[in-house]
Amino acid sequence: MINNASDILEEKIKRHEKIPYDYIFIDEYQDISTQRFNLAEKLSKCSDAKILAVGDDWQSIFRFSGADITLFTDFEKKMGYGKSLYLTHTHRNSQELIDSAGSFVMVNGLQKKKSLKSDKHIQDPIVIMSYDDQYASRSAIAKDPTVSPYYRMGKAIEAALENIHDKFGDDKTVLLLGRYNFDGRNLNRLSNMFMTTADNRVISKAFPKMKIRFMTAHSSKGLGADNVIVVNGKDDVLGFPSKIEDDPVMKLVLKDTKEIDYAEERRLFYVALTRTKNKVYLITPKSHPSIFITELMKKHTNVVLNGPVLTENGDDDNRYCCPRCGYPLQVRKKGIKGGEKEMTLYICSNDPEVCGFVTNDISGGKMSIQKCPECEDGYLIVKKIKNNDGTDSGRRMLGCTNYRIDGKGCNYAIQADNYSDNWEQVSRKCGNYFSGDKVLPIDKCLLASYPVMVFLKIIRYCVGKLSLEKHFNFNAMSLVSFLIGEETNALSAYHLTEDKAFGCINAKSKKLLFACIRTLVEFGFLEEEKEQYHHLHYLNKEITEDFARKFFECFIH
């Protein structure tokens, strides 16, 4: 619609036609995109109208939908002429809060410099509620839920509500703000403390009369409440600030403003701080506090800490880049079939056809999650290699999600030394042929869990010796059934199920076996008589190391 309107106006401008507008008002101007700016510019040219834009660059938080803050900060430059009028009086926030929040957002030198005024005064308007986030094992949590860091976070939220109850009573509104929607859904895990409804109302079991509502910081823009609690004050990829990188395609449509790190997240945090009429409570873990929260504590003496002393992290930047191509890694929570219900995945934001890297553990380096070639329905994910005493050795491997400690699952694995992203196809099918730039000895190369030469001898035994002894002609289907131990009427009738080789290969290699048989026919090791039910014959090829290597290279390529 905007593009069509721009085209119509462009035609009118060319024909020197005028439209009867005197003023063009643009509300929420800090969220304007280049497309909308161009429409306003053409409206002005087509009508000689004056443009009046109202907005607050401190609250520009919709870059993901195309908003370009430079259209605000460079208003006069973009328009050719302009006059700025400042609205500096706030009626919602106290002077103490707006002083702290204002200086916080103006750390970014590209923001407009403003000095806001308020007639309201509240002592210590920002309260940090910290909690112990020390890790507890699943077994310990099962025995005692109160040792869970998440439980302690819930108690910190409850303590903030108690503080609000004591100071302001039960009849005031409370806004719980999260960085993401899942911050609200996660409250349901604290069913002994909170209950959320379909319309995002939150019922506190300790303070049931309080009017509490959850929403994201983005959704809260333009709204307010008597008191605010920010529930996600973590220093984490999915914390506040969020450390998920923009998709690189954004750079094609948005100007790189050269702002400081987390500039938009800083403005979003400012929005969260200023939704309150009274106090704002920041819930944060003591060991991983948000860098924004520690910054507020350092610079403002009227920021109060309730709870354990915060420990600053040495590395305050958890943004990750792809170890293959250098593009930013997007962080997602995903379920993987055959594996855990949910795990954190780091996904390369480059074109999947160019890179396609994805991992569940960045300490695995270039090793990327892939389908397991052994069992077909599992995935090879990065796993820790443990020492004999059960501690983490620091080394990593790719292991199948269908692995079971009793040995009945899939034990397929690729060691880091045997993995090369330059030979991804090889790694997927065989796992250990190439190691860096070196080609491994053929006796180290596996097919269906057997060394290649042993695998070829198994095929020769079945199609050659066993076929002659039992007077049975194998085809691809019956050979695969025999190898994986799948009983059929034909195999039983010829007593083949009693042979030592019956079921010598894991059934999860079924698809791999069909592919191997096709390659052996193409390579001249087997012959297929299509006129006689596709029977297979062994062509008396000698199984040498040179032959095995040539076949294996033919197969993997």
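Helices α13 and α17 are roughly perpendicular to each other, a description that applies to angles of 65 to 115 degrees, whereas angles under 35 degrees count as roughly parallel, those over 145 as roughly antiparallel and the rest as oblique. The axes of α13 (residues 452-470) and α17 (residues 545-556) come within 10 Å and cross at roughly 90°; such axes are lines fitted to C-alpha atoms, for helices over the stretch in contact, and the angles run from 0 to 180 degrees between N-to-C directions. In this packing V452, M453 and L456 of α13 meet E545, F547, A548, F551 and F552 of α17, where contact means heavy atoms within 4.5 Å. The residues of this contact divide into 7 nonpolar, no polar and 1 charged, with Ala, Val, Leu, Ile, Met, Phe, Trp, Tyr, Cys and Pro counted as nonpolar, Asp, Glu, Lys and Arg as charged, and the others, Gly among them, as polar.

The model is a predicted one, in which local features need pLDDT of at least 70 and side-chain atom pairs count only at pLDDT 80 or more, while totals for chains, interfaces and linings use all residues. Residues are numbered from 1 along each chain as its sequence is written, and side-chain values use heavy atoms, with hydrogens and water left out.

Taken as a whole, the chain has 17 helices and 23 strands, which are DSSP runs numbered from the N terminus (helices H or I with at least four residues, strands E with at least two). Of its 557 residues, 47% count as buried, meaning under 20% relative accessible area, as against over 50% for exposed and values in between for partly exposed (1.4 Å probe, protein chains only). The chain exposes about 29,000 Å², of which carbon and sulfur atoms supply 50%; these areas come from the Shrake-Rupley method with a 1.4 Å probe, and for residues only the protein chains shown count as cover. Among contacts between residues at least 6 apart in sequence, 65% join residues at least 24 apart.

An open sheet of 8 strands runs in the order β5-β6-β7-β4-β8-β9-β3-β10, with mixed pairing; two strands pair if DSSP finds at least two bridges between them. At the edges stand β5 (194-196) and β10 (303-306), each with a single partner strand, so one side of each is left without a neighbour in the sheet. From one strand to the next the twist averages 25°. Within the sheet, β3 (residues 126-131) and β9 (residues 280-285) pair in the parallel sense over 6 bridges, and I128 stands opposite L282 in β9. Helix α7 (residues 149-168) packs on the sheet, where it touches β3, β4 (173-178), β5, β6 (201-204), β7 (211-216), β8 (227-230), β9 and β10, and its direction makes about 160° with that of β9.

Leaving aside neighbours within four places in sequence, the contacts of L310 include I128, S130, T284, P285 and L305. The C-alpha atoms of L310 and S290 are separated by 9.9 Å, although these residues lie 20 apart along the chain.

Most residues other than glycine have a negative phi, and most peptide bonds are trans. A cis peptide bond, with omega about 15°, joins F240 and P241, and P241 lies in the loop between β8 and α9 (250-253). H16, although not a glycine, has a positive phi of about 60°; H16 is found in the loop between α1 (2-14) and β1 (23-26) and counts as exposed at 70% relative accessibility. H471, likewise not a glycine, has a positive phi of about 55°, is placed in the loop between α13 and α14 (476-484), and is exposed, with a relative accessible area of 66%.
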